[in-house]
Amino acid sequence: MQLAAAALVLLASACASEGSACRNSDQCGGSLECAGPNDPQVCGIPANEQCSSDADCDESSRCHAVDDPCSPDGVGSECRQPCTEGGCGEGFRCAASGACEVVPCDEGYDCPSYQTCDPSVPEQGPVHARAHGCVAIDCSDDAQCPAGGACVNAVCHEGPGSCVEPQLVP
């Protein structure tokens, strides 16, 4: 009986509490999950995907790629008047069509240190799905990540994860 009680105490102390550093959810206690510092933020609202192409906009507008922190890849889309050079924001450029588009990583966009550039990432499909080409680096331990990085949930991040309550988004 004492041995079983000691085992339960040891098991409970091995589970991390909310805010504890982790590399995967097995290291978190109870219903907590391990979230990496570079995981997309939970917004509680859908990604901004107003259009897939110019055909979804009125005749005087273009379907622009825009910064969208609620999108998993950081790119959304919306109908707006044609752009001018320099009017698209950081990481985007004004295309000959008059629509803002992403700057691909092999054409000047700098991927974060915990990702790598893959120019083969499709540049076709809906405007909001045309990301910069930065992709996660798969890993099984920190040594496979760039200096100072950490392997969290099998992909590199800029640092260790944290045990957090799961965020349910409708």
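**Disulfide close-ups in a predicted model**

The count of disulfides, each being a pair of cysteine sulfur atoms within 2.5 Å, comes to 11. The structure is a predicted model, in which local features need pLDDT of at least 70 and side-chain atom pairs count only at pLDDT 80 or more, while totals for chains, interfaces and linings use all residues. Residues are numbered from 1 along each chain as its sequence is written, and side-chain values use heavy atoms, with hydrogens and water left out.

**View A. The disulfide of cysteine 51 and cysteine 63.** The two cysteines are joined with an S to S distance of 2.1 Å. The link is right-handed, with 95° about the S-S bond. Cysteine 51 lies in the loop between strand 2 (33-35) and strand 3 (62-67), and cysteine 63 lies in strand 3, so the pair ties together parts that are 12 residues apart in sequence. Strands here are DSSP runs of E with at least two residues, and helices are runs of H or I with at least four residues, numbered from the N terminus. Cysteine 51 is buried, at a relative accessible area of 1%; cysteine 63 also counts as buried, at 2%. Buried means under 20% relative accessible area, exposed means over 50%, and partly exposed lies in between (1.4 Å probe, protein chains only).

**View B. The disulfide of cysteine 57 and cysteine 79.** The S to S distance in this pair is 2.1 Å. A torsion of about -80° describes the S-S bond of cysteine 57 and cysteine 79, so the disulfide is left-handed. Because cysteine 57 lies in the loop between strand 2 and strand 3 and cysteine 79 in strand 4 (residues 75-80), the pair ties together parts that are 22 residues apart in sequence. Cysteine 57 is buried, with a relative accessible area of 12%, whereas cysteine 79 is partly exposed, with a value of 29%.

**View C. The disulfide of cysteine 83 and cysteine 94.** In this view the sulfur atoms of the joined cysteines stand 2.0 Å apart. The link is right-handed, with 90° about the S-S bond. Distant parts of the chain are linked here: cysteine 83 belongs to the loop between strand 4 and strand 5 (92-94) and cysteine 94 to strand 5, 11 residues apart. Cysteine 83 is buried, with a relative accessible area of 14%. Cysteine 94 is likewise buried, with a relative accessible area of 17%.
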